[in-house]
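Here are some notes on the strand pairing, for your file. Please read them next to the coordinates.

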Amino acid sequence: MGLKRTDSCSNITKEHDGKEIVLCGWVSRRRDHGGLIFVDLRDRSGLVQVVFSPEVNMEAFRKAEHIRTEFVLAVRGTVSLRKAETINPNMKTGEIEVFGVELRILNSANTPPFYIQDNIDVDEIVRLKYRYLDLRRPEMQRNLLLRHQVTKAMRDFFDGEGFVEIETPMLTKSTPEGARDYLVPSRVNPGKFYALPQSPQIFKQILMISGMERYFQIVRCFRDEDLRADRQPEFTQLDVEMSFIDREDILAMMETMISYLFKKTMNTEISLPMQRLSYREAMDRYGSDKPDTRFGMELIDLSAVCKGSDFKVFETVLTGGGQVKAINVKGYAAIPRRELDGLVNYVATYGAKGLAWMCYTAEGIKSPIAKFFSADILDGITNATNAEEGDLLLFVADKPAVVAAALGQLRLEMARRRDLIDPDKLAFLWVMDFPMFEYDEEAKRYVAMHHPFTSPQDEDMEYLETDPGRIKAKAYDMILNGTEIGGGSIRIYTRDIQEKVFKAIGLTSEEANAKFGFLLEAFEYGTPPHGGIAFGLDRLIMLMAKRSSIRDVIAFPKTQSAADVMSQAPSEVAPRQLKELHIKTSVLAKS
RNA sequence: GGCCCUGUGGUGUAGCGGUCUAACAUGCCGCCCUGUCACGGCGGAGAUCGUCGGUUCAAAUCCGAUCAGGGUCGCCA
């Protein structure tokens, strides 16, 4: 291209005054004053103003008249301090400018469909279709850069701690538990399929059996489930496994790792150790197994206090084994009636059949349900909730699971509406002591809450065959600001216990052998005690970058219908390809 | 699979039964302009209102279906 780049746009400083430099980049803006042309030249580093003047170089000036937005330029020019009255304090390079001596237009460009700048207000589908333009925007480049820095810091950290990064296969075996698999047909094995990994779980355990002792991997995983703002069908995990450790070892190691990342990439200190909550306590106090602890407004159990009232709704729930809980929305007794009605619909989403409320006003308690309660019960409610004049109490009565879901979500919603969440706060915590199994009503059997390779807690082993529902697991989740960013467990490492767990989730020994026989066999060849964890890299970066969607930290994400609007994946394939793969679809090809 | 929201020039919005042969901003094109930095001035082009169907004398506007996007419940060991 003739001109060799000597500097990056935003790295030009007053120190460069008088120097001749060569810059390459894109035209961010052009301001043509007729006899003088200003171009804001942009590269990955930022912007600098280039001036084309007939008095400096007529040929360059003539060429600059034809420049348009997003043209690609190479410019040779002289750095010059700006006169005081022309300094732009809003620009990093606002004190200097570059007088263009030679201009090469490396490429022209169509007018982009949206501005290449931060904080644009454009339909996301347009951004995704023109992702290459979207990724030119500084904030997107910053996100990708942060992502790079974080994974770099991860590798540095783990390397320093004696971990080895090892790749595991992408073409793996479909397993019965867990999410829906992405399947890949095998051409050389007609009628058989690989599955893309939901996680490298079994491989990393096998690596422990292999004696690798400390493994990590930054690895793509695939789950064919519906998408969300924080869920893509393909996503990246930081996967970790260690031998000869117990739970405390891995929690400590991961806390150190996370604080290293934040220090290294954002210069943020995280105070350790992180807070811990048992699953039970998290559910009781926050109605969630991933509580946002940046604010209070905890759930208060009023089941005992309300027992024996004349309020039939509560009584029916309580005698049926349900519970009555409330949150205190401080200082919001003046909530508009319309908003209250809306909240009823809000909690209905989570299965609550109703929402009761009490407003503590200067004239006393205003509430449609207060009349059903004796003065004693009302006092009990007031004391338990610390309700004061100006406060709003919101009640849900139902089965514990519904109360937790409805009131837990309502707590978050009210915090957002009352602006109680400090966006700069980083609230880390561990949630632990999860139940090993939960009962799946649909399948009419127990399923592993974490996964079936998780070890039950030692004191609960005896219930494996008698009462699986009461067993707690050696599992732990790391939560940041109400989002699960990582989860793991101490694993089973004996055939005996693994077989019992498979049995508890309804796998016959034939099925267990067909699906996991190699693992069971491997356990018999000297398996060290081991455990690990996996972090959702996309979510972690999303939170670090303060974005509300992981799509903003993934270079080429998919839409809610799992499509890539830029490349148009997925797409139909040639009949010949299907034939080679021994596949017939039941969908008629569109004409 | 359910629920909610959205779909009007390139982009973002307004219009929500007749005055819409669709408005505004920005962008785009042309001309002018030597100190701008969201440069400025003048002029111009550009959408039949996601698609299909229905109601009506009349539909961007109402109804239905459908497609696309977003959020969410289920789902995500």
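In which sense do strand S4 (residues 72-81) and S5 pair, and over how many bridges?

1. The model is predicted. In it, S4 and S5 pair in the antiparallel sense, and the pairing runs over 10 bridges. One facing pair can be checked directly: Ser-80 stands opposite Glu-97 in S5.

2. S5, which covers residues 96-107, is also joined to S3, here by 2 bridges and in the parallel sense. On this side Phe-99 in S5 has Val-51 opposite.

3. On the S2 side, S3 is joined to strand S2 (residues 37-43) by 7 bridges, and these two strands run antiparallel. Phe-38 stands opposite Val-51 in S3. S2 and S3 form a hairpin, with 2 residues between them.

4. Of its 7 residues, 6 are buried, so the strand is largely enclosed by the rest of the structure. Buried is used here for a relative accessible area under 20%.

Technical notes: Residues are numbered from 1 along each chain as its sequence is written. Chains are lettered from A and ligands numbered from 1 in the order in which they are written. This is a predicted model: local features need pLDDT of at least 70, side-chain atom pairs count only at pLDDT 80 or more; totals for chains, interfaces and linings use all residues. Side-chain values use heavy atoms; hydrogens and water are left out. Buried means under 20% relative accessible area, exposed over 50%, partly exposed in between (1.4 Å probe, protein chains only). Helices (H or I, at least four residues) and strands (E, at least two) are DSSP runs, numbered from the N terminus. Two strands pair if DSSP finds at least two bridges between them.
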